[in-house]
Amino acid sequence: MNFLKAFLIYFFISLIANDCVSQSLNTPERERNAIKYFYNYVDIITDFKLNNMLKMTQTFVEQLLDSIPYDDRGNTAELLQQYIDKAENLRYHGVSIEEKENMLLELQQLIATIRSGLAKQEAEDIILKKSMLGMFELLARLSIEERRHSEKFSKASSLLRRRFTPEGVQRHQQLFDLLHELEQEQDIVKREALFKHLKELRTQEI
């Protein structure tokens, strides 16, 4: 958390530095530096969001596992334990953003697997039918975390645009058009596709 706060302060100071001399970024080099800081900032807030989401999903899966008495645990319980172990490892060993995103996708696959097995009427599956109701609360909390990330991203992209001259915006028109789309888009699936495009554009911008 302290590292995150320090980086956020560094990012905003970097963008507003020298305002007394110039209210905008008036050289290509300054533009590239600001874009680099922006991408680094996005990495930080995205990693922070994913860590929080992984913690939430891990807690949910732990609750599912705890609801199954030890003597009734079978294949489903084993899948739950595997997810818990992997999520724990990802949260504490500095893996990439992509790996954390994939871990969240694995939860969707895990839930689909669990639901497909509920009809088997085995002891652990009967118990999980009730425990799965907690999924609604989890989804609500994940949605809140996503909204917080979106708000931080929008504020940063707006600040970045304000610092650029009209000529600078034109030089990086593809980036600013994409940032505008991300600010306007509400659909999660479409936003994910836009963020993927942003990652691809990053290699061209800096």
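User: Between which two helices does the loop that holds Glu-185 lie?
Analyst: This is a predicted model, numbered from 1 along each chain as its sequence is written, in which local features need pLDDT of at least 70 and side-chain atom pairs count only at pLDDT 80 or more. Helices are DSSP runs of H or I with at least four residues, numbered from the N terminus. The loop with Glu-185 lies between helix H8 (173-184) and helix H9 (188-205).

User: Is Glu-185 buried, partly exposed or exposed?
Analyst: With a 1.4 Å probe and protein chains only, buried means under 20% relative accessible area, exposed over 50%, and partly exposed in between. Because its relative accessibility is 23%, Glu-185 counts as partly exposed.

User: Which residues does Glu-185 touch, not counting those up to four places away in sequence?
Analyst: A contact means heavy atoms within 4.5 Å. With residues up to four places away in sequence left out, Glu-185 touches Lys-190, Arg-191 and Leu-194.

User: How are H3 and H5 oriented to each other?
Analyst: Axes are lines fitted to C-alpha atoms, for helices over the stretch in contact, and angles run from 0 to 180 degrees between N-to-C directions. Helix H3 (residues 75-92) and helix H5 (residues 123-131) pack at about 60 degrees, with their axes 8 Å apart. Angles under 35 degrees count as roughly parallel, over 145 as roughly antiparallel, 65 to 115 as roughly perpendicular and the rest as oblique. H3 and H5 are therefore oblique.

User: Which residues in H5 meet H3?
Analyst: From H3, the residues in this contact are Asn-75, Thr-76, Ala-77 and Leu-80. Their partners in H5 are Glu-124, Asp-125 and Leu-128.

Notes:
Side-chain values use heavy atoms; hydrogens and water are left out.
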